[in-house]
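Please open the sequence and the structure side by side, and we will walk through them together.

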Amino acid sequence: MVAAFAVLGSVFAIGSQTGWISVRAEGSTHDVVEEQQATDPEEQNLNTTLLPAFQPETRDFSGVQRSIDIHTEIPDRPRMDVITYSVSVGDTIFGIADRFGLKPETVLWGNYDVLQDDPHSLRPGQELNILPVDGTYYVWSEGDRLEVVAAFFGVDPQEIIDWPGNELSPDIDFDNPEIAAGTALVVPDGRREFVSWQAPRITRSNPAVARIAGPGACGSIYDGPVGEGFFVWPTTATFLSGNNYSSFHPGIDIAGSMGNAIFASASGVVVYAGWNDYGYGYMAVIDHGDGWQTLYAHMSQVNVSCGQGVFQGSVIGGVGSSGNSTGAHLHFEMQSDVYGKVNPYDFVSP
Ligand SMILES: [Zn+2]
C-alpha cells in the first residue's frame, strides 16, 4: 500500500514496500502514486499547539515516578556518523533517546524501516540507527532533488550538504547532485509528521467507524451512562513503565503486572471491546457521552462487551502485553472533542 499526501506543492510517497520514507517531486518521471489514502484531518492532527490553554485544578504529581536511566553515552567530541544500537529487553524509545542525548522523535525518524513510527513496535534484538544529531534520516532515490528533500523535512538544503558525515561536496550541483541511490543522509534539525497509527475517534453514535481497527469494533448505536466530568486513575500501579505522552505516542504507558485490574476512568458506554489489528492488542474504548473517550490497550483480557454501560471505577479488564508490547503495562489514552488527544496527566492523577 502506498499512502500519499501533498505538501508545499509536491507529492510525497510513503512506501511500506521499501520501508523508507521517500520524497517524490511532482512531475518527476517516477511512478505515479497509486492512490490517495483518505486521511481524517482529526486523526492527522498531531499538533497540539492549537489547544486552548488548560489549567487543571490540581497538579500534584508527587506520586508519579518514572525510572530514569542515568547512564548516558554522549561522547566528548561531537559524533558525525550514524551508529547502530541493539535493542535490549526493557528498552523504550524515550530511554534510548535519553541515553544518546537525542529527542525520542529522532529515534523514530531514524528507523522508519524498523519501527514504522510506532514506539510500540520496539523489540529486543532490533538494530536501530542512532543519528549523531537530532533530525531525520533519508535514503536517497534516483531522481530526488535536494531542494525537495530539504523542504519536506523543513530545512535548508545547505544544512544537508554541510553535515560532515554526509560527505557531500560543498560545490555540489543542486540540479544534478550525483548522490548515489541508497545513500543515507542525515538531515540535521529535519522534522516530519508521523505516519498516523492511532485509533480513530470512536463515540457511542459511531462505534462502527472502528471496524477497520479490528474485530473488537462495535456495530450499533448505544445509549447509557454519562461521565462524571472527572476521571479516576485507571489501574493499581501509579507510575509509568514505558512511553510518556508525546506527539507520536498519544497516551501513557502505566506500569502493571499481568492481570492487574483496569478500571473505567469515568462512567460511560463501551464502544470498542476486543482485538485491535493496529498494535493495541486487546483493547477497550469507553465513550463517556460528554465529549470524552478513554482507551485502554494491550489488555490480557477484556471483561466488558460492546454497548455495555460501565460505571466509574468498575473493572473492565486486566493489564496485559497483547499487541505490540514488550511487557505488561496499560497504554491509556484520553480524547476530548474540544482538546483532541490529551496528556492524561493533565486530567487525572494517580
Ligand atoms: Zn503506549
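Two residues are said to be in contact if their C-beta atoms, placed from the backbone, lie within 7 Å. By that rule, and leaving aside neighbours within four places in sequence, Thr92 is in contact with Leu122, Gly242 and Asn243. Before going further, please note that this is a predicted model, in which local features need pLDDT of at least 70, side-chain atom pairs count only at pLDDT 80 or more, and totals for chains, interfaces and linings use all residues. Residues are numbered from 1 along each chain as its sequence is written.

Let us stay with Thr92 for a moment. Thr92 sits in the loop between β4 (83-86) and α2 (93-99); helices (H or I, at least four residues) and strands (E, at least two) are DSSP runs, numbered from the N terminus. Is Thr92 buried or exposed? A residue is buried if 20 or more other C-beta atoms lie within 10 Å of its own, exposed if 12 or fewer, and partly exposed in between, with C-beta atoms placed from the backbone. Thr92 counts as buried because it has 24 C-beta neighbours inside 10 Å. His120 is 28 residues away from Thr92 along the chain, and their C-alpha atoms are separated by 8.5 Å.

Now for the whole chain. Its secondary structure comes to six helices and 17 strands, and 38% of its 350 residues count as buried. Among contacts between residues at least 6 apart in sequence, 68% join residues at least 24 apart.

How confident is the predictor? pLDDT is its confidence in each residue, from 0 to 100. The chain averages a pLDDT of 82, and 77% of the residues score at least 70. Over residues 1-18 the pLDDT is below 50, and this stretch has 35 contacts in the model beyond near neighbours in sequence. Residues 26-69 also have a pLDDT below 50, with 47 contacts beyond near neighbours in sequence.

Next, the interior. A nonpolar core is a set of buried Ala, Val, Leu, Ile, Met, Phe, Trp, Tyr and Cys residues joined through C-beta atoms within 7 Å. The largest one has 37 residues, and Val271, Tyr272, Met283, Ala284, Tyr296 and Met299 have the most contacts inside it. At least two residues of this core come from each of β8 (252-255), β10 (268-276), β11 (281-287), β12 (292-299) and β16 (329-336). Another core lies apart from it, with 28 residues, among them Tyr112, Ile130, Val149 and Phe153.

Tyr296, not counting residues up to four places away in sequence, touches several residues, including Pro234, Met283, Leu330 and Phe332. In the hairpin of β11 and β12, with four residues between the strands, Gly289 takes a positive phi near 75°.

Strands of a sheet pair through backbone hydrogen bonds, either parallel or antiparallel. Here two strands pair if DSSP finds at least two bridges between them. Some pairs are listed below.

| Strands | Bridges | Sense |
|---|---|---|
| β11 and β12 | five bridges | antiparallel |
| β12 and β16 | six bridges | antiparallel |
| β9 and β15 | three bridges | antiparallel |

Val285 stands opposite Leu295 in β12, while the bridge partner of Thr294 in β16 is Met334. Ala261 stands opposite Gly318 in β15.

Finally, an open sheet of three strands has the order β9-β15-β13, with antiparallel pairing. β9 (261-263) and β13 (301-302) stand at its edges with a single partner strand each, so one side of each is left without a neighbour in the sheet.

Terms used: pLDDT is the predictor's confidence in each residue, from 0 to 100.
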